[in-house]
Amino acid sequence: MNLSNFIYKNVIRESSATVFVAEFGVLTSKEELFEAYNKQLRFPYFGYNWDALWDCLCILDWLEQENVCLLHKAIPSLPPDDMMVYLEILHDTVDIRMQRLRNRWVEVCFPSNAENKLKPYLAVIKDKPFFT
């Protein structure tokens, strides 16, 4: 897994008209997370479950901007199993868009203090192949 698109700072790497920024505040449940994604990214359809989130994030073709930054102002407060699923979905989104849509990327930003908390999850995920 290429973790270069998992950024630990409070700002995006590149700001331009070609970047769509979805900004997330404090999320305390997967239901809040689903609602925030649906609202921020204006999904054309959404089933409010993990599979639907994966489907929508890996496509994103309804957005005018070519590139997307998922800017987390805080680490989501999810149970460990849900956090693992969420980070796996973000991993797959980054990998799929980098490999299949080379001119379109997704950047995942977390606060600078999130790296140590997320590191154990990402260590497990980094060796998993993305879904094909």
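Predicted model: local features only at pLDDT ≥ 70, side-chain atom pairs only at ≥ 80, totals over all residues.
Let me begin with the largest nonpolar core, which has 37 residues, and in which Tyr37, Leu41, Leu53 and Leu70 touch the most other members. By such a core I mean a set of buried Ala, Val, Leu, Ile, Met, Phe, Trp, Tyr and Cys residues joined through side-chain atoms within 4.5 Å, where buried is under 20% relative accessible area, exposed is over 50%, and partly exposed lies in between, with a 1.4 Å probe and protein chains only. At least two residues of this core come from each of strand E2 (19–24), helix H1 (30–41), helix H2 (50–59), strand E3 (67–72), helix H3 (80–100), strand E4 (106–110) and helix H4 (115–125), and H3 supplies the largest share, seven residues. Helices (H or I, at least four residues) and strands (E, at least two) are DSSP runs numbered from the N terminus.

Residues are numbered from 1 along each chain as its sequence is written, and side-chain values use heavy atoms, with hydrogens and water left out.

Turning to the helices, H1 and H2 pack at an angle of about 25°, with their axes 11 Å apart, the axes being lines fitted to C-alpha atoms over the stretch in contact, and the angles running from 0 to 180 degrees between N-to-C directions. That makes H1 roughly parallel to H2, since angles under 35 degrees count as roughly parallel, over 145 as roughly antiparallel, 65 to 115 as roughly perpendicular and the rest as oblique. On the H1 side the contact includes Tyr37 and Leu41, and on the H2 side Trp50, Leu53 and Leu57.

For H3 and H4 the angle is about 60° and the axes are 10 Å apart, so these two helices are oblique to each other. Their contact includes Met83 and Leu87 of H3 and Leu118 and Tyr121 of H4.

Finally, how many disulfides does the structure hold? There are zero, a disulfide being a pair of cysteine sulfur atoms within 2.5 Å. The sulfur of Cys109 lies 3.6 Å from the closest cysteine sulfur, in Cys69, which is too far for a bond, and Cys109 is buried at 0% relative accessibility.

Conventions
Contact = heavy atoms within 4.5 Å.
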